[in-house]
Amino acid sequence: MKKTAETLAKEYDFNTKEDYFNYIVDSLINGQRQQMRNLFNQMNPYDQKEFLVDYLDHDNGYQTSCKNMLISELLN
């Protein structure tokens, strides 16, 4: 069953859904691609869209190449 990013954040002992989103990105950066996919796939479609469209669209200190890698990994 898919969950909200807020619920998942609490389950992983994060304070906000943005912390959970950061965890997804950090998983990719650290080479944990399957973990990154699993974290993303646990979210409901609304939060998946928010992550891909809104969160990654803003420059949160991540390089564009990292964002492109993340999106590429998630779409495969």
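Is Phe40 buried or exposed? At 7% relative accessibility, Phe40 counts as buried, where buried means under 20% relative accessible area, exposed means over 50% and partly exposed lies in between (1.4 Å probe, protein chains only). Keep in mind that this is a predicted model, in which local features need pLDDT of at least 70, side-chain atom pairs count only at pLDDT 80 or more, and totals for chains, interfaces and linings use all residues. Residues are numbered from 1 along each chain as its sequence is written, and side-chain values use heavy atoms, with hydrogens and water left out.

**The whole chain**

- The protein chain has five helices and zero strands; helices (H or I, at least four residues) and strands (E, at least two) are DSSP runs, numbered from the N terminus.
- Reading from the N terminus on, you get the pattern α-α-α-α-α.
- Of the 76 residues in the protein chain, 36% count as buried.
- Take the contacts between residues at least 6 apart in sequence: 54% of them join residues at least 24 apart. Contact here means heavy atoms within 4.5 Å.

**Helix 2 against helix 3**

- Helix 2 (residues 17-29) and helix 3 (residues 33-42) pack at an angle of about 155°, and their axes are 7 Å apart. Axes are lines fitted to C-alpha atoms, for helices over the stretch in contact, and angles run from 0 to 180 degrees between N-to-C directions.
- That angle makes helix 2 roughly antiparallel to helix 3. The labels go like this: under 35 degrees is roughly parallel, over 145 roughly antiparallel, 65 to 115 roughly perpendicular, and the rest oblique.
- The crossing of these two helices is left-handed, a word used if the near helix is turned anticlockwise from the far one by less than a right angle (right-handed if clockwise).
- Helix 2 brings Tyr20, Tyr23, Ile24, Ser27 and Leu28 to the contact, while helix 3 brings Arg33, Gln35, Met36, Leu39, Phe40 and Gln42.
- Sorted by class, this contact of helix 2 with helix 3 has seven nonpolar, three polar and one charged residues. Ala, Val, Leu, Ile, Met, Phe, Trp, Tyr, Cys and Pro count as nonpolar, Asp, Glu, Lys and Arg as charged, and the others, Gly among them, as polar.

**Phe40 and the buried face of helix 3**

- The buried residues of helix 3 are Met36, Leu39 and Phe40.
- Look down the axis of helix 3 and its buried residues fall within an arc of 95°, so they line one face of the helix. The arc is that of the directions from the helix axis to the C-beta atoms.
- Not counting residues up to four places away in sequence, Phe40 touches Ile24, Gln48, Phe51, Leu52 and Leu74.
- Phe40 and Tyr23 are 17 residues apart along the chain, and their C-alpha atoms are separated by 9.9 Å.

**Helix 2 against helix 4**

- Helix 2 also packs with helix 4 (residues 45-55), at an angle of about 75° and with axes 12 Å apart.
- That makes helix 2 roughly perpendicular to helix 4.
- Lys17, Glu18, Phe21, Asn22, Ile24 and Val25 of helix 2 meet Asp47, Glu50, Phe51 and Tyr55 of helix 4.
- This contact of helix 2 with helix 4 has five nonpolar, one polar and four charged residues.

**The two sides of helix 4**

- Asp47, Gln48, Glu50, Phe51 and Tyr55 are the buried residues of helix 4.
- Down the axis of helix 4, these buried residues fall within an arc of 160°, so they line one face of the helix.
- Over on the other side of helix 4, Pro45, Tyr46 and Lys49 are exposed.
- Asp47 counts as buried at 2% relative accessibility.
- Leaving out residues up to four places away in sequence, Asp47 touches Lys3, Thr4, Ala5, Glu6, Lys17 and Phe21.
- The C-alpha atoms of Asp47 and Lys3 are separated by 8.8 Å, although the two are 44 residues apart along the chain.

**Loops and one more Asp**

- Asn44 sits in the loop between helix 3 and helix 4, and at 15% relative accessibility Asn44 counts as buried.
- Setting aside neighbours within four places in sequence, Asn44 is in contact with Lys2, Lys3 and Thr4.
- Asp13 is in the loop between helix 1 (5-11) and helix 2, and it counts as exposed at 70% relative accessibility.
- Phi of Asp13 is near 60°, a positive value in a residue other than glycine.
- Asp19, found in helix 2, is partly exposed, with a relative accessible area of 26%.
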